[in-house]
Amino acid sequence: MASLNRRGFLTASAGLGFALGPPALPVSAATHDKLIRQTLDRITDPEGTTFAQVASPVGDGYQLLTAGPGWPLEVREDLVPAQSGRDERREPLAAFVQFTDLHVLDVQSPVRFEYTHPIIGSSAHRPQEALAMVGASALVKRVNSLRNGPVTGRPFDFMMTTGDNTDNHEEIELDWLMTILNGGSLTPDTGDPGRFEGVQNCGSGLYWQPESQSPDRYKDRGGFPHLPGYLAAATAEFHSPGLDVPWYCTIGNHDNTPAGTLPARTLGDVYVGDRKLMFADDDVTEQMAEAMTEEDQLGDIPDEVENPDDADTMSTAALTSTVTPDERRRPFDTAGFVAAHLAEANTGPGPVGHGYTEDNADGVDCFYTFPIAEGVTGISMDTTTLAGLANGSIGKRQYDWLERTLRASSSVYYDLLGRRRTQQVTDELFVLFSHHTSGTMNNPLPDRRRPAELRYTGEILVAMLKRYPNVLAWVNGHTHYNRVRAHTSRVPERGFWEINTASHIDHPQLARSIEIVDNADGTMSLFTTLLEADSPYQVDHGDFSVEGLASLYRELSVNDLYADPANYGGPQDRNVELLVAAHHPAR
């Protein structure tokens, strides 16, 4: 399909409805309009947020985007009941933005396993992934245009990105991440600057071949377009504006292990080698997919592979291609991750280190605290392990540090027997950040940074957090879908919220703002609002401007063969007011 005019398509397909996108409204249109009007009466400014509109696909087959109805504010009283008149009394305490799972990535890297996508899904190959960098830049642009929390109007205090900031943990990906968040020009290209050397021009029908008119599974099954010039445009230099607010960073599994699943230091010099595996037969694909996802297969992966041809899984029935080696692809370790944040050249809007300090410089303890606002402290945890597998856990040293931190600023806490304890200390409210969710902290493998240390699961961590009433929320990513979960208790003050946000690499590509307010009635509220990148919903195919590419990034995402509308979550997981008990200091 050549140079499709989207506006013409939208006109022709009006009334066909949404096939894949925001789930159908759970209420009638009239009720939805009433809920939106009630929402607008409660908030300061909906413009630029999903209160105002949401990108919605239309048509059959390959879908194009238009502005759909916004999402109203849902009130959740799982922990404590809401009191009337609180909007007039509320005092904003903090406002910030969460990015998560940006997956800034080198799509031409020799260590990517795109050929496993028929088995493990979109995490192996995404048709939109070459545009991840320009898409992330458009998300930065959105935060800069908003400046303030949409509910309270309080200026954003900071942005936190909760892990999987890079995809292959390559030095060049980390450089691109810093440039996107701090501002500057970048060229998302590696290897030979004169030609693309990735799977999207390898001629295999396993992937979308945008510049070829030959059939492939993305054109055949999803109606993907023929876009001459796409790869050159996707790898061309562009400018990111950089954030106008300070930003902090939390480490994710893709930031320290190959493919986010293999043990650290696996593959070795393959990163900077000259061979790339483009595709393999079904047996090889299944073997590699198992090795990336099953604990009992980890021992079969060599610690170092000097050349792909030396690995048994790559020696038969596989097609490798010669690519241009690039030293910039060398993987960074956790110390390198911290060093990049501490580098003066990467300070951007601040703070120095973006949360990390010299105490983290050796890369062993990648966790820290930081001030969110007066009386509110942020805690960034490291839930990753270098042993492999995608899910996480927390080591005993960090667990003990976290409990000491909470106790030192909690005038009320509960001991292991459930007894309420009081002490004379200055109270701080706490918001925790991590990459993994409580439900995905189930990886018991020891971390080679502290190989003899016990690892605790999410269930154990939740039980500890419930003993500290000053914990308001735990904000995380990893799952690539929206879910807001109440961790309840028989004692209301012991409950807290877990806020999990969808990724910005997979559909539906969202970020989230969070505003904390004191309702002056014994309760507090956390208002969460989902945000889309600042890019047009509709441009013509062949518009390879920065804005056009950012628009195409979202369009390709919604048409990915593995796109799942369940990632949106329900109304209770999107734009929500979360009530929580306000902690009263001991008297």
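This is a predicted model: local features need pLDDT of at least 70, side-chain atom pairs count only at pLDDT 80 or more; totals for chains, interfaces and linings use all residues.
## Phenylalanine 99 and its contacts

Setting aside neighbours within four places in sequence, its contacts are Leu139, Val140, Val143, Met159, Met160, Thr161, Thr162, Leu181 and Ala511.

## The nonpolar cores

Phe99 also belongs to the largest nonpolar core, which has 91 residues. Seven members touch the most other members: Phe99, Leu131, Leu181, Tyr230, Ile372, Phe433 and Ile516. Helix α5, residues 132-146, gives the most to this core. Its share is nine residues.

There is a second, separate core. This one has 21 residues, including Leu402, Tyr413, Tyr456 and Trp474.

## The chain as a whole

The chain holds 587 residues, and 62% of them count as buried. It has 13 helices and 23 strands.

Residues 24 or more positions apart account for 77% of them.

## The largest pocket

The largest pocket contains about 540 Å³ of space. It is lined by 26 residues. Closest to its centre are Ser123, His254, Ala259, Thr261 and Ala390.

Which kinds of residue make up the lining of the largest pocket? Eight are nonpolar, 13 are polar and five are charged.

Key: Residues are numbered from 1 along each chain as its sequence is written. Side-chain values use heavy atoms; hydrogens and water are left out. On a 1 Å grid over the protein atoms alone, a cavity is a set of points where a 1.4 Å probe fits but cannot get out, and a pocket is an open set with protein on both sides within 12 Å along at least five of seven lines; lining residues have an atom within 4 Å of a point. Grid points are joined across faces, edges and corners, and a volume is the space filled by probe spheres set on the points. Ala, Val, Leu, Ile, Met, Phe, Trp, Tyr, Cys and Pro count as nonpolar, Asp, Glu, Lys and Arg as charged, and the others, Gly among them, as polar. Helices (H or I, at least four residues) and strands (E, at least two) are DSSP runs, numbered from the N terminus. Buried means under 20% relative accessible area, exposed over 50%, partly exposed in between (1.4 Å probe, protein chains only). Contact means heavy atoms within 4.5 Å. A nonpolar core is a set of buried Ala, Val, Leu, Ile, Met, Phe, Trp, Tyr and Cys residues joined through side-chain atoms within 4.5 Å.
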